[in-house]
Amino acid sequence: MFYREAGDFKTSYGEDSQTFPIKFDRLRYFAVLAIAFGVVPLFINDYWANAVAVPFLIYAIAAIGLNILVGYAGQVSLGTGGFMAVGAYAVYKLMTAFPEVSIFIHVILAGGITAAVGVLFGLPSLRIKGFYLAVATLAAQFFLVWLFNKVPWFYNYSASGQINAPDRTIFGVFVTGAQTSAMAKYLFCLVMLTLVALVARNLTRGTVGRKWMAIRDMDIAAEIIGVNPLTTKLSAFAVSSFFIGIAGALFFAVYLGAAEVGEAFGIQKSFLILFMVIIGGLGSIFGSFAGAAFLVLLPVFLKNVLVGTLGWPTDLAAHIELMIVGGLIVVFLIAEPHGLAQLWRVAKEKLRLWPFPH
Amino acid sequence: MPDIVLYAAEVTLNGLMAGVLYALVALGFVLIFKASGIFNYAQGVLALFAALTLVGIQRGQVPFAHLINAMTGKHYTNFPWEIPALLAILLTAAVMVVLAIIIEKLVLKHLVNQAPIILFMATIGMAYFLEGFGDVMWGSDIKTLDVGLPQGLNEMIDNTTYNWFGYGFFIDNLDIVASVVAVLLVTALTLFSQFSKQGRALRAVADDHQAALSVGISLRFIWILVWSIAGFVALVAGVMWGSKSGVQFSLSLIALKALPVLMLGGFTSIPGAIVGGLIIGVGEKLFELLIGAPFLGGATENWFAYVLALVFLVFRPQGLFGEKIIERV
């Protein structure tokens, strides 16, 4: 009834190629933006920001980044944690070296540095494919974490080996450091996520995205019809690492405030983000959001139920949480291997015909 | 002889022994990958689960004691008995077979014909589940595993090498036992797959699923069989690693160490897993001794294996003994 292209006439090329061609989609998109920017900040408090909203926004950025690499370009990577660490340490070095430059620019630059590192580790993907590549990206994960642990220059020779985010402001409002309000954290991450999602959505709709998908579906065939595998694969690695670097920078500077590389950016993080992408749906921007929301909310929910309501000891609850997350992943893969995004697509198909399905 | 050569020789020997243990885990991967095309990330957690179960059975722990106590408010910990090591190992092997059947029935059966990446993710999900399950069942404290294997410095080698070179090599008895067990295990597996009926069926399935089905081999039975064997290999690996460094969460991380071993050797080759394990074991120990510790600040063992495998694969994408990758449009 609501969700249909009928009656939605396009009279210019601009309208025809807009990001959301269906009116209902477009309205929904603006409504979500309005609520996210206008309503949520009024009600957000420290608990919701730190437990749910900020991690969701940051993981969504990382998931979009990984989804570009795995879902669109078909190059499986287990090095996400390592690339996030690059973003975090890059932003830390930039923040401490150039305190007068805006943190916003630092975060973008950190993304750029991560992109360069990503391209470097993406080079073997021209020779190595499939699972061999997945395992090869583990080299990035372990090597980068080791590097940030062992070379004191990266953590400015601090005695603890930790990095601590100094206080930085945008328009006079603190966005990093101890004095940051929940609203500032939330809005800063939200702005970044909106930018990333817009760029990602439009990249994947255009020439670049189609090249990625051609390489994903079969790289030799793509090469034969004139897609250059070198630039395509490396651009996928670059864009993906750029987003993941931004996510890592925000994760350290805004969310954690202080980080120890092995703990914050270990192999577990790589798997967590890969799960988000798979559960959300490979090759879907909406799926990245859905997967991130699911895996951020689920542990919070389980913890509240098991520890808060049932009063079980925390370590037992943590183990049960592992079981449930693992079990759910398997159940999900069996029930819907294309993830939450596929459920959404099915729902949209149904909506188009509703209430007269025949 | 200069000292560094002696050190290097000792480290090489120790690296060989460590490599055997890596190879043990990698072996489980290869078996499952060959028979079902599944890249089984849960292999390391299987080893952890097997070791936990073995300790639990041996000590007569009450399974799920923690959970039952939390729900009922009682304080169960142990049954009033202890079970001899050999019987406990047999019982654990039985548990692993049951686990294989459950995995096949609940997970694999429903995921036939899915893309490899989906199957891989499913095994990661299984790994998470089993990790939580093992901890809930037996408790997450660090346990010592003792099935009566000899441990500590091997005096005979120490004395002999001291007499020869004036410097005694430190070789752990446990490593020697592990190597012997690994050799026996590989021999047994090779004999099984070459000369038994099930072994032949296994190789047929590994060759071609559809052709194997068409001559009447039950794919599901083969999968249960191969997961049981992988479970048994995991048990052996769990016993060895558990005796060496205690049964704890980090045991499941050896699976990650087995991955570069696999890449070096090729995913489909049993000899490859062993040779790869030895190369990685020796390589990372020697690199740490000669380059890592003096020049790079140590702890290079964390990544050396992966980088070695990465560099190696750039020149030979299918690994040492893997099947040649032929790509067609």
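The largest nonpolar core holds 218 residues, and Ile61(A) and Leu250(A) touch the most other members. A nonpolar core here is a set of buried Ala, Val, Leu, Ile, Met, Phe, Trp, Tyr and Cys residues joined through C-beta atoms within 7 Å. A residue is buried if 20 or more other C-beta atoms lie within 10 Å of its own, exposed if 12 or fewer, and partly exposed in between, with C-beta atoms placed from the backbone. This is a predicted model, in which local features need pLDDT of at least 70, side-chain atom pairs count only at pLDDT 80 or more, and totals for chains, interfaces and linings use all residues. Residues are numbered from 1 along each chain as its sequence is written, while chains are lettered from A and ligands numbered from 1 in the order in which they are written.

Apart from neighbours within four places in sequence, Leu250(A) is in contact with Ile58(A), Val107(A), Cys189(A), Met192(A) and Tyr255(A); two residues are in contact if their C-beta atoms, placed from the backbone, lie within 7 Å.

Between the two chains, 37 residues of chain A are in contact with 41 residues of chain B. On the chain A side, two or more residues each come from α6 (130-150), α9 (219-224), α12 (267-280) and α14 (314-335). Helices (H or I, at least four residues) and strands (E, at least two) are DSSP runs, numbered from the N terminus. The largest share of this side is the 13 residues of α14(A). By residue class, the chain A side divides into 31 nonpolar, three polar and three charged residues. In this count Ala, Val, Leu, Ile, Met, Phe, Trp, Tyr, Cys and Pro are nonpolar, Asp, Glu, Lys and Arg are charged, and the others, Gly among them, are polar.

Staying with chain A, helix α13 (residues 285-309) has 25 residues and reaches 35 Å from its first C-alpha to its last, close to the 36 Å expected at 1.5 Å a residue. The expected span of a helix is 1.5 Å times one less than its number of residues. Buried residues of α13(A) include Ile285(A), Phe289(A), Leu295(A), Val296(A) and Leu306(A). Their cover includes α3 (46-72), α7 (182-205), α12, α14 and α15 (339-353) of chain A. After α13(A) comes Gly311(A), with a positive phi near 70 degrees.

Strands β2 (residues 168-170) and β3 (residues 173-176) of chain A run antiparallel and are joined by three bridges; strands pair if DSSP finds at least two bridges between them. Arg168(A) has Thr176(A) in β3(A) as its bridge partner. Two residues lie between the strands, and in this hairpin Phe171(A) takes a positive phi near 50 degrees. Phe171(A) counts as exposed because it has 8 C-beta neighbours inside 10 Å. Most residues other than glycine have a negative phi. Asn156(A) is another non-glycine residue with a positive phi, near 50 degrees. Asn156(A) sits in the loop between α6 and β1 (163-164) of chain A, and is exposed, with 12 other C-beta atoms within 10 Å.

In chain B, the UniProt annotation "transmembrane region", from an unreviewed entry, covers residues 12-33, 38-57, 83-103, 110-130, 176-196, 217-241, 261-282 and 289-315. UniProt positions are given in the numbering used here, feature names are shortened, and annotations may be inferred rather than shown by experiment. Residues 217-241 of chain B are 92% helix and 0% strand, with end C-alpha atoms 36 Å apart. Residues 261-282 of chain B are 82% helix and 0% strand, with end C-alpha atoms 12 Å apart.

Helix α10 (residues 219-245) of chain B has 27 residues and reaches 38 Å between its first and last C-alpha, close to the 39 Å expected at 1.5 Å a residue. Because 21 of these 27 residues are buried, α10(B) is largely enclosed by the rest of the structure. Gly246(B), which follows α10(B), has a positive phi near 80 degrees. Leaving aside neighbours within four places in sequence, Ile142(B) is in contact with Gly246(B), Val247(B) and Gln248(B). Ile142(B) lies in the loop between α5 (116-138) and α6 (155-165) of chain B, and counts as exposed, with 11 C-beta neighbours inside 10 Å.
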